[in-house]
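This report describes selected strands, a helix and an annotated region of the structure shown below.

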Amino acid sequence: MTILQRRQFIAGTAAALMAPAVFVNRTAAQTPAASLFPFSVASGDPTANSVVLWTKLARAADDLELLSRLPIDVEWIVAQDERLSKVVCSGTGSALPEYGHSVHVDVQGLRPDRWYWYAFRIGGEMSPIGRTRTLPAADALVSRFRFNVVSCQHWENGFFDAYDGMADDDSSLVLHLGDYIYEVGRGGVRTHETDKPLRTLDDYRRRHALYKTDAALRRAHERLPFMVTLDNHDALTEDSSDAGELAHRAAAYHAWYEFQPVRHAPALHAPTMPVLRGLDIGDLLRISIPDTRQFRDSESVCASGSDKDFAFGVFQKPCEAAEDPQRSMLGVAQENWLDARLSGSQAKWNAIASTVMMSTFDMDHEGELYRYLQSWDGYPAARQRILDRIEGSRVSNPVSIAGDIHSTLISEVTRRAGEEPGRSLMTEFVGTSISSLWPEPLARPMHDALPANPQVRYYESQKRGYMHFDVTPESLNVEMRAIDRTDQPGGTVHTDRTFVVENGQVGAKS
Ligand SMILES: [Fe+2]
């Protein structure tokens with residue numbers, strides 16, 4: 001792009017001329033009503049030389065009527081500075097009506113480990129300017145890498161201002177472990193656009209559009225690249241071959257893609273979505289993000305009428321069938337993929353981000369044993385296979401990262417429930433939610449069960465926030481970042497606790 005072209009990109013409308021200042025100061029809630037970019041911009045799935053740039057065209061966040069029945073050309077630009085003066089590359093992407101005029105530009109040829117700024121333009125209107133970052137090169141010697149891990153943002157439970165804690169923390173990436181939206185709600189500090197269950201593509205689009213109006217969430221997307229994966233509230237995960245349920249699932253995946261900065265599109269009307277990802281941070285860190293929901297064997301294997309109602313159906317009485325060595329949470333292909341990534345890794349730290357907790361957790365309740373069978377406790381043979389691989393291949397510094405339970409839980413992953421944690425092979429960090437609550441009927445028995453679960457070093461269920469990882473060759477430091485309130489916007493984020501795992505050790509110290 002020539003200087004003249006760059007000027008033409010920036011110029012054209014008053015809004016466009018103001019864009020750099022808008023990026024710094026604007027809150028999403030102040031987006032001009034006439035904007036064709038009511039959801040702002042986002043970036044995601046970075047590699048060492050590429051990143052996906054995202055936006056979605058609409059008249060307004062609550063007006064998802066298609067702008068046209070035809071594809072719409074959208075110009076994009078990537079630069080080395082926030083004023084877009086040092087242009088690196090530019091082009092034209094296509095917003096397709098079948099994908100709700102969302103735009104996913106996979107920009108290639110970028111340089112590793114650096115910041116870039118980007119924007120879109122259509123006609124005379126320019127989007128807000130976003131910032132993104134590539135990963136270090138696969139063969140780089142990396143001395144430090146910082147990233148944030150988030151999960152579970154229930155709109156009705158609270159505002160998402162915990163994201164604003166990331167404004168100055170020098171992270172390079174946000175890893176979102178799912179429950180980006182919730183398909184259900186019972187009311188709270190704010191309400192969903194409908195209290196009816198979501199079923200159609202239009203339903204899911206409206207739900208995603210609503211969530212994207214949270215100002216702090218949009219600021220985070222404008223500021224950092226995301227890697228987003230799916231958990232159970234994002235899309236149906238129950239086993240089903242019913243055509244109506246499959247269409248429901250396809251609608252959820254389709255809308256999820258339209259609203260996320262992800263690289264791979266689902267086939268139209270397909271009840272599957274490619275979300276498996278792996279990333280490498282030079283020689284320092286390998287993160288594997290398997291898909292734990294689409295390929296799992298039935299999670300209702302032990303459910304009976306009586307215990308399914310206990311604690312919102314989360315904890316159930318275990319049964320023999322769950323111990324079946326054939327049972328898998330990831331499916332054969334993903335288990336092989338994870339095997340290869342673990343055994344072939346040269347990285348100093350090796351993280352598995354599986355959305356659900358990998359640690360065992362036995363809960364005694366009124367004289368009965370309960371386990372969280374939707375997590376790895378329902379797939380103990382599959383967990384054992386991963387631990388066998390870690391031990392057999394002498395994987396360097398294995399760490400599990402999870403979300404899902406709206407609580408902070410730090411533990412050591414043992415092969416079996418009740419095993420001495422001193423023999424564990426992997427440290428686990430389960431991070432709390434951005435806003436979703438963990439109900440008292442679940443939190444209390446978990447607290448009561450801690451003495452019987454010595455593998456758990458720390459458990460906290462009432463604070464909302466995220467985890468900030470700071471990784472060096474010598475240690476992995478994790479700050480538990482907590483927000484003081486989520487019942488209204490403007491909460492303040494602080495570091496609540498800090499844990500460290502030393503190179504070569506298993507287990508976190510505070
Ligand atoms: Fe959740």
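## A run of antiparallel strands

In β24, A482 has H494 as its bridge partner; two strands are taken to pair if DSSP finds at least two bridges between them. Helices (H or I, at least four residues) and strands (E, at least two) are DSSP runs, numbered from the N terminus. The pairing of β23 with strand β24 (residues 493-502) is antiparallel and comprises nine bridges.

A482 of β23 is also the bridge partner of G465. Strand β22 (residues 464-471) runs antiparallel to β23, and eight bridges join them. Three residues lie between β22 and β23, which form a hairpin. Strand β23 (residues 475-483) is mostly covered, with seven of its nine residues buried; buried means under 20% relative accessible area, exposed over 50% and partly exposed in between, using a 1.4 Å probe and protein chains only.

## Basis of the model

The model is predicted: local features need pLDDT of at least 70, side-chain atom pairs count only at pLDDT 80 or more, and totals for chains, interfaces and linings use all residues. Residues are numbered from 1 along each chain as its sequence is written, and side-chain values use heavy atoms, with hydrogens and water left out.

## A three-stranded open sheet

An open sheet with antiparallel pairing is formed by three strands in the order β14-β17-β16. Because β14 (315-316) and β16 (363-365) stand at the edges with a single partner strand each, one side of each has no neighbour in the sheet.

Three bridges link β16 to strand β17 (residues 368-372) in the antiparallel sense. L369 in β17 is the bridge partner of D364.

## Helix α6

Helix α6 (residues 243-259) has 17 residues, which should span 24 Å at 1.5 Å a residue; its end C-alpha atoms are 25 Å apart, in agreement. The expected span is 1.5 Å times one less than the number of residues. At the start of α6, a side-chain oxygen of D242 comes to within 3.0 Å of the backbone nitrogen of G244.

Of the 17 residues of α6, 12 are buried, so the helix is largely enclosed by the rest of the structure. Among them are H248, R249, Y253, W256 and F259. The buried residues pack against β2 (51-56), β5 (102-107), α4 (201-211) and β11 (226-228), where contact means heavy atoms within 4.5 Å.

## Annotated N-terminal region

An unreviewed UniProt entry places the feature "domain: Phospholipase D N-terminal" at residues 40-134; such annotations may be inferred rather than shown by experiment. Over residues 40-134 the chain is 0% helix and 49% strand, and the end C-alpha atoms are 20 Å apart.

Key. A polar contact is a pair of N or O atoms within 3.5 Å; within protein, one must be able to donate a hydrogen and the other to accept it, and residues adjacent in sequence count only if both atoms are side-chain atoms.
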